[in-house]
Amino acid sequence: MFSMDPGPTAYRGDGQVIAAGLSPNTVYLAIKTKISAKGTTLDFEWNEQQNAFYEKVVAFARTELSDDVVQRDSQQVFNRDLWRKCADFGLLGLSIPEAYGGSEKEVMTILRAMEGLGYGCPDNGLTFAINAHIWTSQLPIFQFGSEAQRQKYLPAMCRGELIGADAFTEPEAGSDVFSLQTHAKKVDGGYLLNGRKSYITFGPVADVVVLFANTAPEKGKWGITAFLIEKDFPGFTRTPLRDKMGMRTVPMGDLILEDCFVPEENRLGREGAGISISQSALEWERCFILASQLGAMQRQLDGAVQYARERRQFNQPIGKFQSVSNRIADMKVRLETARLMLYKVGWLKSQNRSAMMEAAILKLFLSEAFVESSLDAIRINGGRGYVSEFGVERQLRDAMGGVIYGGTSDIQRNIISRLLGL
Ligand SMILES: Cc1cc2nc3c(=O)[nH]c(=O)nc-3n(C[C@H](O)[C@H](O)[C@H](O)COP(=O)(O)OP(=O)(O)OC[C@H]3O[C@@H](n4cnc5c(N)ncnc54)[C@H](O)[C@@H]3O)c2cc1C
């Protein structure tokens, strides 16, 4: 027996029914006109300034950052000129106040801008590197640094003259990152650091590194302390990693500390504050790096739709074959689901609220979704998808990094389970 679906019901935030049996469109309009719930509003509109800035970033990325990415990917070249262009545009200062050389914007505007960057710029390595620089080195210096540290590093980082990196991972401390072995021994006027860091984005070229070491191993993770390591400090060397799967336009390497003297004024925050500093940076990083990936997924979808319309087989566009169009529909569903999650995390961060659970869900879903959609894009493109010069297969190689850095997908599942009380 069939029954007519009366249509969805619109509820107020306190659970009271506003209207039942509405068409989905009416419910959407009701939500769009801001149903007030306990002082908050649900509104999916971007304002004029946010849209204008988004368009500006997309146009900048398309015209200025879309050079020979296929060649640079193949030769693993980081282009410092592109970095300077991003600085001149103001991208590197988006989270930093003008007093420290930045062009600070509010959180949702930055999020939308980073989405635009990922959409307009086909170089996923560059967009990843920009986000790493902003969220895991600049922001901790701004949030936890002394006035002298802020003045010393931030203006030059915003101008693109200094490149920042963040070093946590070690050969024996990856997912179990708080078991890190790098030791910082207190000496007259500062610390002597010994240890090794692995897989560090920008490791070979960074000018200043937010690096985590333990000042009191007997306290376990509560002894972890952050330091600002400058590239010329004696006892500090780096070894570039020669080859890697994706994000090949940004260098990665190991950092070695052998009796590296770090002056007291280069400790970031107090002794033992390393955990709070790293967790704060990671939460911001997850949110915004993924915003650029969302933009990249939109670019990928546009490319797949266009190709499915243009490529003809059996006298019709391949998009007319359900096997192809279903893949594209799946890509769209992943994109829009990830979008909702991302905007929610951005909104929570803009309200200065914790987003631990939401950020873990977002990181897990969006990074895995990008991998799945990249596989779909290759299949849709057939042989063309397999050949590097068309840039389709590069998306898959770049996407794979996302399920590893910032905590693997398994670790995100662990965080979600733990927050559920398991
Ligand atoms: C592109 C890229 C950029 C990076 N940039 C940086 C950077 O700038 N700075 C930095 O410090 N690090 C960086 N990293 C390192 C990254 O953070 C680590 O690779 C990551 O945390 C995993 O550590 P691992 O490689 O030692 O793997 P392992 O921890 O050895 O994990 C191996 C496998 O075991 C699984 N596993 C481990 N523990 C658990 C568990 N408890 N439950 C379930 N499964 C588990 C993992 O999910 C994984 O599948 C980067 C990595 C990549 C790929």
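Before I go on, the source. This is a predicted model, in which local features need pLDDT of at least 70 and side-chain atom pairs count only at pLDDT 80 or more, while totals for chains, interfaces and linings use all residues. Residues are numbered from 1 along each chain as its sequence is written.

Next, β7 and its partners. Strand β6, residues 183-187, runs antiparallel to β7, and 5 bridges join the two. Strands pair if DSSP finds at least two bridges between them. His 183 has Asn 194 in β7 as its bridge partner. The hairpin of β6 and β7 has 2 residues between the strands, and Gly 189 there takes a positive phi near 80°. β7 also pairs with strand β11, residues 252-263, in the antiparallel sense over 9 bridges. In that pairing, Leu 192 stands opposite Phe 261 of β11.

Now the helices. Two packed helices are described by the angle between their axes and the distance between the axes. Axes here are lines fitted to C-alpha atoms, for helices over the stretch in contact, and angles run from 0 to 180 degrees between N-to-C directions.

Start with α2 (residues 48-64) and α5 (residues 107-120), whose axes come within 8 Å and cross at roughly 30°. The pair is therefore roughly parallel, as angles under 35 degrees count as roughly parallel, over 145 as roughly antiparallel, 65 to 115 as roughly perpendicular and the rest as oblique. The crossing of α2 and α5 is right-handed, meaning that the near helix is turned clockwise from the far one by less than a right angle, with anticlockwise being left-handed. Residues making the contact include Phe 53 and Val 57 of α2 and Arg 112 and Leu 117 of α5. Contact requires C-beta atoms, placed from the backbone, within 7 Å. The contact of α2 with α5 divides into 9 nonpolar, 4 polar and 2 charged residues.

What else does α5 cross? The axes of α5 and α8 come within 6 Å and cross at roughly 40°, so α5 is oblique to α8. This crossing of α5 and α8 is right-handed. The contact of α5 with α8 has 9 nonpolar, 6 polar and 2 charged residues.

Last, α8 (residues 274-310) packs with α9 (residues 322-350) at about 160°, with axes 10 Å apart. That makes α8 roughly antiparallel to α9. The crossing of α8 and α9 is left-handed. Among the residues that meet are Leu 290 and Leu 294 in α8, and Ile 328 and Leu 335 in α9. This contact of α8 with α9 divides into 16 nonpolar, 2 polar and 3 charged residues.

Conventions
Helices (H or I, at least four residues) and strands (E, at least two) are DSSP runs, numbered from the N terminus. Two residues are in contact if their C-beta atoms, placed from the backbone, lie within 7 Å. Ala, Val, Leu, Ile, Met, Phe, Trp, Tyr, Cys and Pro count as nonpolar, Asp, Glu, Lys and Arg as charged, and the others, Gly among them, as polar.
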